[in-house]
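Me: I'm new to this one. Can you walk me through a few spots?
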Amino acid sequence: DARRDFPENCPFYQGGIGSYCGCTNPVAAESSCRICGADTLLLRPQQVGGGLGDLSCIQHEFLASLTRTCSSAQSLYQDICCEVIPVLGPFCFSGTNQVQVKRRNAAAAVTTIPMHELQIGDYVKDSTDLTYSRVYSFGHYHQDTEATFLQIHVADSKNPLEISSDHMVYLHQQQGRTSSKKAVPAGSLSVGDSLVLVTTGGNTSFGVVHSIETIVRHGVFAPFTESGNLVVSGILASSFVSMEADSGDMTIFGGTKLVSYQWLAHVFQAPHRLFCTVNNNICMSESYNEAGLSQWVAVPLEAALWWTGQNSFVKLVLLLPTLALMLSLYAVEGVIRCSWLSVMVGAFLWIAHSKMARRKTRKLD
């Protein structure tokens with residue numbers, strides 16, 4: 001239509017609007033205004049409001065190209081249209097996914113809700129049997145953030161799974177008669193892979209991925225469950241992400257697999273879970289930064305991203321003492337959560353204390 005009705009403006013359509021549709025035309029791009037400067041495209045082209053009047057950011061940008069008023073448009077709209085909101089991840093699910101929950105009570109009736117209605121304190125179906133795990137935190141929670149998700153369509157699954165590429169999902173593996181499951185980043189999946197499905201009654205089956213698409217949604221959600229797993233849209237997924245795009249394992253020294261990110265993330269979340277066990281009221285009212293990251297996640301995530309950029313030797317030197325500390329807290333968490341074990345440990349300590357007291361008494365006599 002632009003070529004037919006306004007042939008003289010065709011370069012502006014190609015280099016302006018066309019750039020956001022994947023078109024490449026170096027000549028046209030040279031004549032196009034970029035509100036964000038240089039060759040930087042708008043982060044949110046369709047953004048409206050906030051001083052933009054009746055037009056969106058991309059409409060202002062296109063109009064500036066046509067009227068040769070780019071510098072004016074930059075001074076007026078750059079702060080609005082080019083504000084960078086630091087989003088690390090997005091390591092999350094879209095809000096349209098379905099989850100089975102017991103609201104705030106492990107004994108409550110089961111109901112199915114969209115992910116965006118999930119709350120801290122809810123119990124979510126988390127495994128292949130009839131178990132539910134409490135949501136103690138959201139690593140990422142933002143109702144309005146726009147993000148791109150993989151939409152994974154699986155045979156025998158009613159609804160597609162919408163998940164970020166770095167978030168982990170359970171891949172079904174079959175070697176001879178041995179069947180196993182492994183947490184891998186969703187971005188590493190291919191058509192033909194088999195995922196672990198969980199039915200409403202808790203039965204397990206396996207569904208083959210028959211298509212993977214991308215979709216943009218508003219709202220990002222990353223619930224952390226006490227077990228580290230949850231069933232999302234009928235598919236078994238992890239609460240965590242992989243720090244490597246094509247593997248669910250930490251690799252060092254040229255590809256040597258050290259530990260799985262699922263296990264590592266679950267262990268490193270032990271202090272957080274332990275705190276929420278001791279003082280749940282604070283966790284029920286956790287806060288998030290502008291990007292929607294929990295205060296429990298933002299700083300550790302930045303540290304983890306820095307750590308992944310180091311060489312294998314530095315990684316190992318930093319990991320081992322930190323892991324030792326986290327394993328200690330993980331063990332403490334296990335003792336506190338296991339009531340009968342807590343009683344046994346308490347009894348053992350009491351007996352040991354009593355024996356030491358009697359020995360001191362005998363020495364005094």
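This is a predicted model: local features need pLDDT of at least 70, side-chain atom pairs count only at pLDDT 80 or more; totals for chains, interfaces and linings use all residues.

Me: OK. At what angle do helix α9 and helix α10 pack?
Reply: About 140°, with their axes 9 Å apart. Helix α9 covers residues 298–308, and helix α10 covers residues 312–337.

Me: Which residues meet there, α9 against α10?
Reply: From α9, Trp306, Trp307 and Thr308. From α10, Lys315, Leu318 and Leu319. That contact has four nonpolar residues, one polar and one charged.

Me: Which residues of α9 are buried?
Reply: Ala298, Leu301 and Trp307. They pack against α10, α6 and β12 (249–252).

Me: And which are buried in helix α7?
Reply: Ala270, His272, Arg273, Leu274 and Cys276. Helix α7 spans residues 270–278. The cover over its buried residues includes β4 (132–154), α6 (261–268), α8 (280–284) and α10.

Me: New topic. Where does Ser238 lie?
Reply: In strand β11, residues 235–241.

Me: Is Ser238 buried or exposed, and why?
Reply: Buried, because its relative accessible area is 0% and the cut-off for buried is under 20%.

Me: What does the side chain of Ser238 make a polar contact with?
Reply: The side chain of Gln262, at 2.4 Å.

Me: What else does Ser238 touch?
Reply: Leaving out residues up to four places away in sequence, its contacts include Phe93, His167, Met168, Val169 and Tyr170. Gly228, Asn229 and Leu230 are also among them.

How values were computed. Residues are numbered from 1 along each chain as its sequence is written. Side-chain values use heavy atoms; hydrogens and water are left out. Helices (H or I, at least four residues) and strands (E, at least two) are DSSP runs, numbered from the N terminus. Buried means under 20% relative accessible area, exposed over 50%, partly exposed in between (1.4 Å probe, protein chains only). A polar contact is a pair of N or O atoms within 3.5 Å; within protein, one must be able to donate a hydrogen and the other to accept it, and residues adjacent in sequence count only if both atoms are side-chain atoms. Contact means heavy atoms within 4.5 Å. Axes are lines fitted to C-alpha atoms, for helices over the stretch in contact, and angles run from 0 to 180 degrees between N-to-C directions. Ala, Val, Leu, Ile, Met, Phe, Trp, Tyr, Cys and Pro count as nonpolar, Asp, Glu, Lys and Arg as charged, and the others, Gly among them, as polar.
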